[in-house]
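Please read the following note alongside the sequence and the three-dimensional structure. Each numbered point takes up one topic.

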Amino acid sequence: MKRAIRDMTIADRVLLVMLLALSLTGIFIVREAVPLTAEVIVEVDGRAVFTAPLDADKNVLLDSIHGKIGIEIKDRMVRINEAHCPNRLCMKEGWVSQGVIVCLPNKVVVFVGGRGNRLNKELDAVTG
Amino acid sequence: MPLQDKYRIAVLSAYALVLHGFEAILPMPIPWLRLGLANIITVVALLLYGFRTAMTVTLIRIILASMFTGTFLGPAFMLSLGGGVASTLAVGSVHALSQGLFGPVGLSLIGSFFHNAAQLALAYLLFIQRIEAVLLISPVIFLIGTSTGAVNGLIADLLLKNIRKPVPDKV
Amino acid sequence: MSRRRRQPALFCFMLCSIFAMLFFLLPACSSNRPQTYQKSRALMDTFITITVAAGSGKEADNALETAFAVIEGFGKRIDFFSGDSELSRINSNAGIAGIRVSADTFDLIEKALYVADRSGGAFDPTIGPVVRLWDFHKKTRPSDTDIKRGLALVGYKQVVLDKQRSTVFLKKKGMLLDLGGIAKGYAADLAAESLKAGGIASGIVAIAGDIRAFGLRPDGTPWNIGIKNPRQERAGDEIIGSIRLSNRAVSTAGDYERYFIEDGRRYHHILDPSTGYPAGQCRSVSIITEKGVFTDGFDNAVFVLGPQKGMQLIREINRDFEMDGIIIDADGSVSETDRIKGTIKNEKSH
């Protein structure tokens with residue numbers, strides 16, 4: 001084995017180092033650059049009570065401040081289809097494919113596409 | 001085809017099949033992790049008898065192995081075939097073009113790289129179709145592939161040295 | 001077996017490519033560089049997002065949780081609707097007695113009165129009796145007589161502060177202090193101070209549209225804040241400009257947040273304290289200054305005053321402390337202070 005290692009050509013060694021470096025840096029790069037699998041996270045009063053992948057259709061009923069709240073996932077979109085708060089603004093939001101749906105009276109926040117997902121990559125926040 | 005060539009191909013294919021089968025029954029910490037031991041034979045065949053022999057041995061190995069395991073023309077077979085053909089093609093052309101720049105280790109590395117690249121591409125096109133999942137896993141696969149590729153190359157080098165030695169050390 | 005034939009050119013090429021690769025790739029993945037971490041909560045009846053730059057997720061998480069706790073605690077003290085909040089006790093003791101409140105609540109009320117005073121009452125924290133007549137979700141428009149009756153109880157000069165005893169007293173029975181137009185900016189200030197105290201060097205607290213930014217982004221540039229288009233017509237034009245902020249706050253008052261349209265007229269939540277009806281001269285007003293309490297208070301004031309008098313007020317305040325503003329009037333024309341000219345794209349400038 002020692003002899004085999006010694007007999008590696010320079011090109012062999014260079015190629016080995018190059019491939020190792022490429023795959024090692026690649027691990028870090030994709031972790032930074034590639035968005036994690038799109039998720040739906042439902043928080044009630046700051047606590048995550050439900051997490052599911054965005055690409056599996058699902059219908060759930062969760063406990064919130066004012067009774068149950070219904071979350072529907074379909075075709076990579078999410079909506080609130082049941083709520084028992086006075087104005088039901090969250091239901092009027094309709095289908096959301098990315099961003100958040102908020103139900104203030106129920107303190108429910110539905111993150112569509114992961115928690116840190118931004119509407120716009122260049123903007124850190126929006127006023128208005 | 002001279003009889004001698006047929007004989008060589010048969011023997012090499014048999015070796016490759018044994019390694020392929022041995023690898024299949026070897027328990028692995030991660031199910032999709034493969035050592036790619038059969039690629040040792042591909043490299044050895046290429047360096048001893050040329051590209052055509054290497055390709056024939058690879059094809060025979062993949063087709064026969066899939067028949068033994070009952071996966072012929074199934075998804076696993078497609079991946080195996082794509083990876084094997086791509087890596088043999090790549091190793092053959094690099095060997096022909098670089099004129100001895102790469103030794104067995106370098107060729108084995110190239111083989112493993114193209115084997116993985118082709119399988120990832122095929123997996124994306126045929127099965128997963130989620131580019132982020134493929135991108136996320138590919139550097140890890142390449143890292144493992146590079147390590148196993150290097151070890152396989154060293155083994156191939158040792159094999160070649162023993163085969164080429166006119167007078168064996170021990171008999 | 002001598003296959004070690006060196007080919008210098010190819011070898012050099014491969015070596016160079018390795019170095020090039022390392023040179024470009026490694027800086028992108030060094031692990032200790034600060035990253036941004038973000039968390040959102042529904043608190044104070046609104047949606048709050050805090051973004052911080054921190055070296056580790058744990059450090060960020062601790063600071064974020066503390067900041068949210070600060071906002072939540074403060075929000076409870078000045079909650080208009082909960083019976084046991086400090087604000088409710090002030091209101092229910094109007095005309096009866098002064099109520100002792102916490103330092104933050106006192107400070108907020110003091111600053112609210114300052115904004116009211118500087119704006120000549122265009123912002124008035126005692127507008128509560130009129131505000132509660134309107135319901136923008138149920139589209140209820142109060143009668144003129146109801147509004148008149150409510151207006152009689154509006155007047156920031158009827159609030160008596162006792163700094164020594166930290167008490168707040170509303171002189172007339174029925175008066176209602178409503179801090180909704182300024183509390184979010186103040187809460188953003190509190191949260192930012194809490195983050196700084198927790199060792200966070202830079203971040204953004206966004207309480208609905210009231211944003212307080214401090215420090216710089218991990219890439220060394222100021223935070224980039226988008227300004228919402230008051231009249232979004234199609235997908236893709238929800239932002240009409242952006243502004244770069246460091247150690248500044250920005251707030252926007254808009255007629256599009258809570259409103260209903262009846263007989264072609266837009267009734268929105270920014271009420272003119274002198275008439276009790278929605279102020280009609282602007283679509284949106286953004287104010288930029290150091291503290292969120294002032295951006296939040298003055299955006300309402302400028303909105304009510306309208307483009308001319310509003311811009312005059314911004315310039316006046318600017319003599320005392322740096323203040324900038326963007327006013328989009330009822331026709332969509334944009335006025336901006338000199339320092340931030342050109343923030344709004346495609347403006348129909350005066």
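**Notes on a predicted model**

1. Asp124(A) counts as buried because it has 25 C-beta neighbours inside 10 Å; a residue is buried if 20 or more other C-beta atoms lie within 10 Å of its own, exposed if 12 or fewer, and partly exposed in between, with C-beta atoms placed from the backbone. The loop that holds Asp124(A) runs between strand E7 (108-112) and strand E8 (125-127) of chain A. Helices (H or I, at least four residues) and strands (E, at least two) are DSSP runs, numbered from the N terminus. Leaving out residues up to four places away in sequence, Asp124(A) touches Thr51(C), Ile204(C), Trp223(C), Asn224(C) and Ile225(C); two residues are in contact if their C-beta atoms, placed from the backbone, lie within 7 Å.

2. This is a predicted model, in which local features need pLDDT of at least 70 and side-chain atom pairs count only at pLDDT 80 or more, while totals for chains, interfaces and linings use all residues. Residues are numbered from 1 along each chain as its sequence is written, and chains are lettered from A and ligands numbered from 1 in the order in which they are written.

3. Chain C contains nine helices and 15 strands. Of its 350 residues, 45% are buried. Among the contacts in chain C with a separation of 6 or more, 62% join residues 24 or more positions apart.

4. How many residues does the largest nonpolar core have? The number is 115, and Val110(A), Ile71(C) and Ala191(C) have the most contacts inside this core. A nonpolar core is a set of buried Ala, Val, Leu, Ile, Met, Phe, Trp, Tyr and Cys residues joined through C-beta atoms within 7 Å. Apart from neighbours within four places in sequence, the contacts of Val110(A) include Val40(A), Ile71(A) and Ile101(A). A second, separate core of 41 residues includes Ala11(A), Leu19(B), Ala38(B) and Leu120(B).

5. Helix H2 (residues 38-49) of chain B is largely enclosed by the rest of the structure, because ten of its twelve residues are buried. Among the buried residues are Ala38(B), Ile41(B) and Leu47(B). After H2(B) comes Gly50(B), whose phi is positive, near 100°.

6. In H2(B), Asn39(B), Thr42(B), Val43(B) and Leu46(B) meet Ser87(B), Thr88(B), Val91(B), Gly92(B) and His95(B) in H4(B).
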